[in-house]
Amino acid sequence: MAGVASPLQYGDPPHLGPFVLQARLEVGPAGLVYLGQGSDGRQVSVAVLTKGAAHDPAARDRFVTGIREAA
């Protein structure tokens, strides 16, 4: 997880699913990537699409492609 993290901001969720969010890793027009921690202590990145991007098939395809490339 390269890059510089920035603090969570007002309105950011404190957790998503089983992950406790700790910081923001990236912010873009299509969404955000957070640094999180699982219940087992492992660090994870959690990507969240904006509502507009989630309703855009091309944006969803780019999102899936980015996840596959990161894996």
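1. Strand 3 and strand 4 run antiparallel and are joined by 7 bridges. Strands here are DSSP runs of E with at least two residues, helices are runs of H or I with at least four residues, and both are numbered from the N terminus; two strands pair if DSSP finds at least two bridges between them. One of the bridges links G36 to V44 in strand 4. The two strands form a hairpin with 5 residues between them, and G41 in this turn has a positive phi of about 95 degrees.

2. The model is a predicted one: local features need pLDDT of at least 70, side-chain atom pairs count only at pLDDT 80 or more, and totals for chains, interfaces and linings use all residues. Residues are numbered from 1 along each chain as its sequence is written, and side-chain values use heavy atoms, with hydrogens and water left out.

3. On its other pairing, strand 3 is joined to strand 2 (residues 19-28) by 7 bridges, again in an antiparallel arrangement. The hairpin formed by strand 2 and strand 3 has 2 residues between them. Among the bridge partners across this pair are A23 with L35 and R24 with Y34.

4. The open sheet contains 4 strands in the order 1-2-3-4, with antiparallel pairing. Strand 1 (15-16) and strand 4 stand at the edges with a single partner strand each, so one side of each has no neighbour in the sheet.

5. Why may strand 3 be described as largely enclosed by the rest of the structure? The reason is that 5 of its 7 residues are buried. Buried denotes under 20% relative accessible area, exposed over 50%, and partly exposed the range in between (1.4 Å probe, protein chains only).

6. The largest nonpolar core consists of 5 residues: L21, L32, Y34, V44 and V46. Strand 3 (31-37) and strand 4 (43-49) each supply at least two residues of this core. Such a core is a set of buried Ala, Val, Leu, Ile, Met, Phe, Trp, Tyr and Cys residues joined through side-chain atoms within 4.5 Å. In soluble globular proteins, nonpolar side chains tend to be buried together.

7. A contact means heavy atoms within 4.5 Å.

8. R24 lies in strand 2 and counts as buried, because its relative accessibility is 13%. The side chains of R24 and D12 are joined by a polar contact of 2.8 Å. A polar contact is a pair of N or O atoms within 3.5 Å; within protein, one must be able to donate a hydrogen and the other to accept it, and residues adjacent in sequence count only if both atoms are side-chain atoms. Beyond four places in sequence, the contacts of R24 include V4, P7, L32 and Y34.

9. For the chain as a whole, there are 2 helices and 4 strands, and the elements run β-β-β-β-α-α from the N terminus on. Buried residues make up 21% of the 71 residues. Among contacts with a separation of 6 or more, 12% come from residues 24 or more positions apart. The C-alpha atoms fill a box of roughly 35 × 30 × 25 Å, taken along the principal axes.
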